[in-house]
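Welcome! Please take a moment to look over the sequence and the model before reading on.

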Amino acid sequence: MKHVPGPVHAERRFAPTALMLGNVVTGCSVLAPAGMLVELSAGLDVSIRTAGLLITFGAIMLCVGSPITAWLTSRIERRTLLTATLAVLALTNIASAFAPDYASLLAIRLVMLAIGALYTPQAAGTAALIVPEARRGSTIAYIFLGWSLAAAVGLPAITFIASRYGWQAVYGAIGAMSCLSFLLLAWRLPGGLIGAPVDLKTWAAIGRNRVILLLLLITTAQMSGQFVVFTYMGPLLARLTGAGPDPIAMVFAVYGVCGVIGTAIGTRIVDSWGAWKTSMLFTSILLAGVTGWALSAGIYSLMAVSVAIWGIGFASTNSMQQVRLVGAAPALASASVSLNTSVLYVGQAIGSAIGGFLYARDLLFANGYVGAAFVALALVTVILTMPKKGQGSAPR
């Protein structure tokens, strides 16, 4: 197998789109339980908090799996690696549709996400190999549009399908979508792409890089704050406002559509503004949205508006983190991006665990305030990572 030491810029038409659609599948696989907690709870005869642990335990598997799989697979050709990952997602989603009980579904999900942990960081790293450096930031942001679409289209569809046809139908639909994504990626992604190998020296270099460590803290705090609320958004809306499945699906749709809008804006401005200024903008918007949820809890219309603001910020903050990590240390990008994905899921695990604790104790109004505190910490840390004069803002 031929080693490709640096960017090869062998972009085929629609290759970034194929990578982006793989993120749609990955996002739907990760987020699916959040859109159907009530149906999972009723169908599997468990509490809503126990159903929510599918996200918590899945996030733990993802955060452990991402750096380990990045290390074990760094020498594998990217098209082979990414298509194999999508094939596993297809098989495990289909298997989930036939899970007879909660324990079986959880076991399948852990296998699904142990392999699925590969996709997002490797897709971002692959972008650096297929486009020129001048387009790297916007291409990575575009690839992360897949997560926005997973929220914009996937979550409302999941809520709609689950409320009418059951949670099994949701997993079957995601499995079918995974098959289509697998075929498109195999067709459009160039072969022979291999990134820099990840070894123990790489992890040591990351541990000595202050900027990378602060960027990882930002990701952890951002995701912890969001998932305190997001994991239980459906049940919280139901209990605080009396909303049914369709109004809840509408809020998920607003969240996702605004995420697409935010990502489109971020993709447009990041190459001219620089990643730090863009990150400041969208983290501030994210904080405004989560704070708005906390202050308006109990009023459906105001909560929906807050979710819209929150949605504009959420996807672009994630993609800007990837852009900043790649720019801060390009030689370490394969490892740092995978580690960022790992701490992203650490944040999901922390946030969903805290959210479940508060929900189980009927502290429904506290979720928003705890979430806002985490996002405020993220914003303060973004300020601390402002590039020094003379360094420019684009790389970091």
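Below is a short walk from the whole fold down to one helix and one group of rings.

First, a word on the model. This is a predicted model, in which local features need pLDDT of at least 70 and side-chain atom pairs count only at pLDDT 80 or more, while totals for chains, interfaces and linings use all residues. Residues are numbered from 1 along each chain as its sequence is written, and side-chain values use heavy atoms, with hydrogens and water left out.

Let us begin with the overall fold. The protein has 17 helices and zero strands; helices (H or I, at least four residues) and strands (E, at least two) are DSSP runs, numbered from the N terminus. Its C-alpha atoms fill a box of roughly 55 × 45 × 35 Å along the principal axes.

How much of the protein is buried? Of the 396 residues, 59% count as buried, meaning under 20% relative accessible area, with exposed over 50% and partly exposed in between (1.4 Å probe, protein chains only). Contacts (heavy atoms within 4.5 Å) also tell us about the fold: among those between residues at least 6 apart in sequence, 85% join residues at least 24 apart.

Now find helix α7, residues 136-143. Seven of its eight residues are buried, including G137, I140 and A141. Which helices do these buried residues pack against? They pack against α1 (15-31), α6 (119-130), α8 (145-165), α13 (245-273) and α15 (300-328).

The whole structure holds eight aromatic pairs. Rings of Phe, Tyr and Trp (its six-membered ring) pair if their centres lie within 6.5 Å; planes under 30 degrees apart count as stacked, over 60 as edge-to-face and the rest as tilted. F230 and F252 form an edge-to-face pair, 5.9 Å centre to centre with 70° between the planes. This pair links distant parts of the chain, as F230 sits in helix α11 (residues 210-230) and F252 in helix α13, 22 residues apart. F230 counts as buried because its relative accessibility is 2%, and F252 counts as buried because its value is 1%. Both belong to one aromatic cluster, together with F227, Y255, W293, W310 and F314.
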